Amino acid sequence: MRTPSRRAVLGAGIAAAGSGLLAACSDSGGSPDAKNAGGADATGPSTPPKGYVSPDGKEVAAAEAARGSGPVRKVKLTATPARLDLGGRTVATWAYGDQLPGREVRVTAGDTLAVTVANHLPQSTSMHWHGLALRNDMDGVPDLTQRPIKAGATFDYRFAVEHPGTYWFHPHSGVQQDRGLYAPLIVEDPKEPLKYDKEWVVVLDDWVDGVDGSTPDAVLAELRKGMDMGGMDHGGGMDHGGGEKKGGMDHGGHDMPGMSGMSYGQAPVDSPGPSRMMMGATSDLLGGDAGDVAYPLYLVNGRTPDDPRTFRAEPGDRVRIRFINAGGDTAFRVCLGGHRMTVTHTDGYPVEHAETDALLLGMGERYDVLVTAGDGVFPLTALAEGKKASGLALLRTGGGAAPKKSVRPKELDGKLLTAGRLRADASVRLKSGEPDRTITMRLTGSMAKYDWAINGKRYDPAQRYPVRAGERVRLSFVNATTMWHPMHLHGHTFALPGGGPRKDTAIVLPGKSLDVDFDARNPGLWMLHCHNVYHGESGMMTVLGYRK
């Protein structure tokens, strides 16, 4: 069944949906699909504050027009239940078609991307274009920038793609991302300055879905057990008024107990499988606790180390590798055994070239590197940081036996680069200047209660931290928890301090602070959240809203 066009679907409802329409929680505890069908239920929506740009407002249209309209690249994607061979193990999951990762989408900067998403899943879904500065009503956040794509329906996304780089796409509905619903989005540079012979896209993932009855929804339910849903005092007080206090948040209407941590798009939990709660995983690189989830499998391009993906090249070939961490709860330390890597980009933006043996990628981060291929067979190892397991792929340029799946290349313990040690290329470096507005984002919560939040408030789409177009905005992350958090901003890139790289996702270590700056040039309502899918879905998300 095909729904009416995107414009018709949003039509009368977009003003409400884009301003933060949220189907309120009824006593019957019905499914998210039932509550969202046709809009808010009888108990009424959570009232958003007034005076903010709507996702399909004239300001958004003007920003899109300024990007121009190039050749149209049409793509059809189907989210569907699937059985996938992960390399010696077949699992029942949800995916885009019959492969993992999903089929790569490749366009050129300046193109217009037109994607029809067909939802063959048993629940609502959505599509978020991770890292792109695109028009707000195409950002793919249900109940904020669009209505959910109901089961059996389709949705048409159409937007200009302005900046080249390595990106990816995935749902923003419940914990669907931790199934097989993800794929790379590569935006080529029509004036590509790099010279190389081959290019590989390498997607890293932690995997639980369909293994011994486990699902991401069951994992989330286990993590939430015993969580105190009562009053929380995390510190980090905040302004709840309707004003525009610097660093304050607007929260129109009333608080809705039990609502702000709700899971939209979460499936019923009927096959919980074995316990997946991880205890004792530690990493000095991550400042202590490495993660919450004990995944049974770690994948490189959808394959386990038992039957790894093999990349082929000739000795001496110069190869561009685009790394994407599509995991739900795992940082990966990656290297190519017997090689050094030259880092050229992070999160789609160029950096001053820097050599390294290994890289650390938090969930949602991307890095591009260049390597010169040696002669032989080499392990491309993705160490699940702090979790005592790895993913594996192979580079083969000649004969010889493949390394054992337990191989640990010495490069993993060599020079390691993190984002804070890189500098933005001069062509994309943010001009120096003091912020017009500073917003403090205190990261709160604990593993014991699983009450992850920002400034002590779990997510409600009606929340707003106000910004204005043209401002230089500083986000001051203060991690008051004992875990690390990869914080991701939609629709923008920010700059790390001291001429650091332009990024959309950055690791904030426990007990540490990180200040990042961005220029507010893309009007709309934009989500800011932890890209640990279980932290975000438990409440560590909020919204930056452009004032009219």
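**Fold, confidence and local geometry of the predicted chain**

K388 lies in the loop between β21 (377-384) and β22 (389-396); strands here are DSSP runs (E, at least two residues), and helices are DSSP runs too (H or I, at least four), numbered from the N terminus. The phi of K388 is near 60°, a positive value in a residue other than glycine. K388 counts as exposed because its relative accessibility is 84%. Exposed means over 50% relative accessible area, buried under 20%, and partly exposed in between (1.4 Å probe, protein chains only).

The model is predicted: local features need a pLDDT of at least 70, side-chain atom pairs count only at pLDDT 80 or more, and totals for chains, interfaces and linings use all residues. Residues are numbered from 1 along each chain as its sequence is written, and side-chain values use heavy atoms, with hydrogens and water left out.

The pLDDT is the predictor's confidence in each residue, from 0 to 100. Its average over the chain is 86, and 83% of the residues score at least 70. Residues 1-46 fall below 50; this stretch has 91 contacts in the model beyond near neighbours in sequence. Residues 251-269 are also below 50, with 61 such contacts. A contact means heavy atoms within 4.5 Å.

The chain has 6 helices and 34 strands. Of its 548 residues, 62% are buried. Among contacts with a separation of 6 or more, 78% join residues 24 or more positions apart. The chain exposes about 19,500 Å², and carbon and sulfur atoms supply 50% of this area. Accessible areas come from the Shrake-Rupley method with a 1.4 Å probe; for residues, only the protein chains shown count as cover.

Helix α4 spans residues 58-67, and V60, A63, E64 and R67 are buried in it. Seen down the axis of α4, these buried residues fall within an arc of 100°, so they line one face of the helix. The arc is that of the directions from the helix axis to the C-beta atoms. K58, A65 and A66 are exposed on the other side of α4. The cover over the buried residues includes β6 (154-160). G68 follows α4, with a positive phi near 85°.

Two further loops stand out in backbone geometry. N301 sits between β13 (297-300) and β14 (309-312). Its phi is positive, about 50°, although N301 is not a glycine. N301 counts as buried, at 10% relative accessibility. P101 is in the loop between β2 (90-96) and β3 (105-108). The peptide bond from L100 to P101 is cis, with omega near -10°.
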